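Here is a short briefing to read alongside the structure. Keep the viewer open as you go through the points.

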Amino acid sequence: MGRRFRMSTALDVDDLLMECVPYAIKLANEKYKFDPPLTIYEVDRWGKLGTRADVIFEFFNDPEFFKNQPVMEGAKEFVRKLSTMTEVFITTAVAPQFMSIRAQRILEEFPEIPAEHIYMGSRKDKINVDILFDDGMHNVFKSNAAYPILLRKPWNQSATGMLAVNNYDEFLKLLEVITSSYSDVEGSLKDAKIVALVGPSGSGKTRVAKQLLEISDRFEKLVSYTTKDRTSIKENDWYHYVDKKTFFKMMEQGSFFESTMYAGHGFGSKKEEVDAILAKGKIVLAAVDICGAMSLKTNYKDVVTIYVKRDKKQLLQSILDKKCSNEDKVNRIISIDDEKRNEDVCDYVIANENYAETADKIIALLDN
């Protein structure tokens, strides 16, 4: 009999299991009567910002805050389900004077997690687990976990390339993909109704998608919404352009079934636009990051993900040639190595040495 192996997952607490920033914002609005009210989107990076949003930090010194933090919607069911799939640990950064309060809340709200599985401290890179799930991109960047996964929040919008999800359902779908045998392709291109091209910035996934549309009428592109400046993207007809205020409002209204921040820019897709393409009997063709790909897999069947792989030197040259800020280029460059994990969780990997040839390879997979 072979050795039974069970994966381990470490979960953050603040803004992953219990509300932290939204709760502090609620308290701040009640106390200071901000007009207009302070919103979560004003906390667009972690730490003091030199703006009115800095007021939230005063609540992090109050023991009553930690005693009364609301449990996030769906968190209890998420932990129950995750506990049947992996060993679950807690890794939470909290000030020493509040550690006992935090431990007691965890034990009360999440009885599936044993007391000996609770670790407190900011050095999450010292926790030896298979999967880390956290909303702090610094923790994800430094993690030694095989699969560090980021929960998308407004304060980590500059994070690029790493494994990321928008919600619990997408995390569980990604976990399902990770734990499945890599020798068995989850999806078959012969049966694909949606093809999602994934790859690092500079991989040419959008150029490959354009080539596919030119050589086959079986596909129809999924046009996404973005806050990115239209002058910085060559393939302008792949996007509807909106400002960040409109984009965040659409997110709050539930306009997108999937949305993500990539290099500080918002990207999102509408379910009705996917459904309209499927109603025509066409294959939906989407060029997305791994977060968008997992959203598609969570919401639809017969989704096949293809990782478009490219030589690192070519990636760097393509990024340097982009019409975007130096900060944007730096974010994209430092994410290249993190993107390698995305290759592991895609159904197919295709090397892109020539756009036309890469498109032909995808068509060949579709026909075989």
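Val-195 stands opposite Leu-285 in strand 13, and it also stands opposite Val-304 in strand 14. Keep in mind that this is a predicted model.

- Strand 7 (residues 194-198) and strand 13 (residues 283-287) run parallel and are joined by 4 bridges.
- Strand 7 also pairs with strand 14 in the parallel sense, this time over 5 bridges.
- Strand 14 in turn pairs with strand 15 over 4 bridges, again in the parallel sense, and here Ile-306 stands opposite Tyr-348 in strand 15.
- Put together, 5 strands make an open sheet with parallel pairing, in the order 8-13-7-14-15.
- The edges are strand 8 (219-221) and strand 15 (348-351), each of which pairs on one side only.
- On average, neighbouring strands of this sheet are turned by 30° against each other, direction ignored.

**Helices packed on the sheet**

- Helix 9 (residues 271-279) packs on the sheet and touches strand 7, strand 8 and strand 13. The direction of helix 9 makes about 140° with that of strand 13.
- Helix 10 (residues 290-299) packs on the sheet as well, touching strand 7, strand 13 and strand 14 (303-309). The direction of helix 10 makes about 160° with that of strand 7.
- How many of the 7 residues of strand 14 are buried? The count is 6, so strand 14 is largely enclosed by the rest of the structure.

**A buried loop residue**

- Have a look at Val-94, in the loop between strand 2 (87-92) and helix 4 (99-109).
- Is Val-94 buried or exposed? Val-94 counts as buried because its relative accessibility is 11%, and the cut-off for buried is under 20%.
- Leaving aside residues up to four places away in sequence, Val-94 touches Phe-66, Met-99, Arg-102 and Met-120.

**A nonpolar surface patch**

- Phe-141, Val-330 and Ile-334 form a nonpolar patch on the surface, and together they have about 260 Å² of accessible area.
- Phe-141 belongs to helix 5 (residues 137-142).
- With a relative accessible area of 35%, Phe-141 is partly exposed.

Note on methods. Residues are numbered from 1 along each chain as its sequence is written. This is a predicted model: local features need pLDDT of at least 70, side-chain atom pairs count only at pLDDT 80 or more; totals for chains, interfaces and linings use all residues. Side-chain values use heavy atoms; hydrogens and water are left out. Helices (H or I, at least four residues) and strands (E, at least two) are DSSP runs, numbered from the N terminus. Buried means under 20% relative accessible area, exposed over 50%, partly exposed in between (1.4 Å probe, protein chains only). Contact means heavy atoms within 4.5 Å. Two strands pair if DSSP finds at least two bridges between them. Axes are lines fitted to C-alpha atoms, for helices over the stretch in contact, and angles run from 0 to 180 degrees between N-to-C directions. Patches are made of residues with over 30% relative accessible area and no salt bridge: like charges are joined within 9 Å, nonpolar side chains (Val, Leu, Ile, Met, Phe, Trp, Tyr) within 5 Å. Accessible areas come from the Shrake-Rupley method with a 1.4 Å probe; for residues, only the protein chains shown count as cover. A salt bridge is a side-chain nitrogen of Lys or Arg within 4 Å of a carboxyl oxygen of Asp or Glu.
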